[in-house]
Amino acid sequence: MTRVTTADLDRLEFRAVQSGDHAEVAAELLGLADSVDADSEISRAELFVRAGEQWEMAQEFELAARAYRRAIDDGGITIIDARALLAGALLELDLVDDAYAQLERLRAEGPRNLPTYIHIAETLQAHGDLKAAQSWATLGVERFRHQDVSPYVHDLLMELLRIRYRVRVDLGLPEDALDRMLD
């Protein structure tokens with residue numbers, strides 16, 4: 001069994017950026033996920049997610065989707081909900097109905113954190129579904145805006161508000177109270 005730290009993960013991802021060999025790093029991350037200790041700093045599910053992200057950078061969306069499904073099956077905590085990441089990979093594969101089904105399941109449960117809302121809004125925006133991107137960004141802002149938050153969460157909230165603002169402008173919608181939170 002293996003213990004994986006944040007520093008280990010940073011080194012692997014930095015190597016992928018330096019070398020451009022995202023597929024090799026993705027395969028290595030999958031290997032680590034298959035052998036990681038239960039008490040590892042980085043969870044098995046997060047390793048599957050990171051492998052999926054590397055597969056996406058390598059333009060291997062089927063392999064990315066497979067890694068995200070493994071993260072979902074594992075059930076462990078991840079920074080961005082693996083179902084949101086899977087939806088993005090499915091959109092890349094032009095499996096639109098499957099992608100939106102994932103997003104609807106996620107909406108029904110309510111994503112637990114801002115990084116997931118940010119990912120969904122950015123993904124939908126990139127795929128041209130501005131109305132859905134606006135809806136997800138609004139849901140995330142509404143959910144987290146009244147919470148007593150750390151500076152990190154505040155920065156994420158501001159990022160989501162900026163995404164929402166850009167999408168709103170692209171949609172030609174008038175300014176609203178949530179936009180004024182950016183002032």
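Q: What do the buried residues of α1 pack against?
A: They pack against α2 (22-35) and α3. Before going on: this is a predicted model, where local features need pLDDT of at least 70, side-chain atom pairs count only at pLDDT 80 or more, and totals for chains, interfaces and linings use all residues. Residues are numbered from 1 along each chain as its sequence is written, and side-chain values use heavy atoms, with hydrogens and water left out.

Q: Thanks! Which residues of α1 are buried?
A: L9, L12, E13 and A16. Buried means under 20% relative accessible area, exposed over 50% and partly exposed in between, with a 1.4 Å probe and protein chains only. Seen down the axis of α1, the buried residues fall within an arc of 90 degrees, so they line one face of the helix; the arc is that of the directions from the helix axis to the C-beta atoms.

Q: And what is exposed on the other side of α1?
A: R11 and Q18 are exposed there.

Q: How are helices assigned here, by the way?
A: They are DSSP runs (H or I, at least four residues), as are strands (E, at least two), numbered from the N terminus.

Q: Back to α3: how do the axes of α1 and α3 cross?
A: The axes of α1 (residues 6-19) and α3 come within 12 Å and cross at roughly 10 degrees. That makes α1 roughly parallel to α3. Axes are lines fitted to C-alpha atoms, for helices over the stretch in contact, with angles from 0 to 180 degrees between N-to-C directions; under 35 degrees counts as roughly parallel, over 145 as roughly antiparallel, 65 to 115 as roughly perpendicular and the rest as oblique.

Q: Which residues meet there?
A: From α1, L9, E13 and A16 meet L47, R50 and Q54 of α3.

Q: What is A16 in contact with?
A: Leaving aside neighbours within four places in sequence, A16 is in contact with D21, H22, V25 and Q54, where contact means heavy atoms within 4.5 Å. A16 has a relative accessible area of 0%.

Q: New topic: how many residues of α5 are buried?
A: 10 of the 11 residues of α5 (residues 82-92) are buried, so α5 is largely enclosed by the rest of the structure.

Q: What covers them?
A: The cover includes α3 (44-57), α4 (61-74), α6 (96-109) and α7 (114-126).

Q: Which residue with a positive phi follows α5?
A: D94, with a phi near 65 degrees.
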